[in-house]
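Visitor: I've got a structure to look at, and I'd like to learn how to read its pockets. Can you walk me through it?

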Amino acid sequence: MKRALFLLLLIPFLAAQTATEVEITSEPSHHLALENDYVRVFKVEVAPHTATLMHRHRHDYVYVTVGDAHISNEVEGKPPAEVKLTDGDTRLTPGNFAHIVKDLSDQPFRNVTIELMQDEKLRQMPSHWPEESGEKTFPGGRSKILFVKDAVRVSEVNLEPGAVVPSHHHDGPHLLVAISDLDLRSDVEGKAPMPGKFKAGDIKWVPGGFTHTLTNVGTSPARFVTVEF
């Protein structure tokens, strides 16, 4: 009788423990890849038919999906929502909520989660971008602005083999997120050519203050996202 009573008392305790919220830095599927004054970047991988722990996003964030995905997004206090994402889907999510993500597919769910560490400051800043929408095409490629959020601009670039992004200037820093495998060459004014090879899901933080062209020197199409500040 005492054992049965103990088990009855233990069940709610275990249920409460299961639902305990953790910080994103303690969530096992979120792997910190970069942190600076602008961003905190996590590479996320959830195994097929498993789930993350309940974890909190305290900042607005951009996420870039790597590979197709079928997930259940279970935000605390809301009913679960099934979401299907395609390779390269890039979205902005306001922060200050907790959720569990379940992978409903037979493939790992992968993304790059980019927390905007100055989100409160950025909300108060007027946009400084001369272009906040639109698409530019050039031989063998295109660049499309996906969205502008306060002082952050997010774009997607596609380059066929041999194609070149025409000369352009970066006033501020930006983050590059590889959607496909990349084999690029950056020709910065006044400097030697700089090669860059990346696997899908890799990231690179690039300080601003330079003018360059960017060439796809690989044999496959290149696809990547930039998050500019």
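Predicted model: local features only at pLDDT ≥ 70, side-chain atom pairs only at ≥ 80, totals over all residues.

Visitor: Which strand gives the most to the lining of the largest pocket?

Guide: Rolling a probe the size of a water molecule over the atoms shows where empty space is left. Here, a pocket is an open set of points on a 1 Å grid over the protein atoms alone where a 1.4 Å probe fits, with protein on both sides within 12 Å along at least five of seven lines; lining residues have an atom within 4 Å of a point. Strands are DSSP runs (E, at least two residues), numbered from the N terminus. In this case strand β14 (residues 164-170) leads, with 6 residues.

Visitor: What volume does the largest pocket have?

Guide: About 1,100 Å³, where volume is the space filled by probe spheres set on the points, joined across faces, edges and corners. Of its 47 lining residues, His 168, His 170, His 174, His 212 and Glu 228 are closest to the centre.

Visitor: Which residues lie nearest the centre of the second largest pocket?

Guide: Tyr 61, Tyr 63, Asn 73, His 99 and Val 101, out of 21 lining residues. The volume of this second largest pocket is about 280 Å³. Several strands each supply at least two lining residues, including β5 (61-65) and β9 (97-103).

Conventions: Residues numbered from 1 in each chain as written. Heavy atoms only, no water. Helix = DSSP H or I, 4+ residues; strand = E, 2+ residues; numbered from the N terminus.
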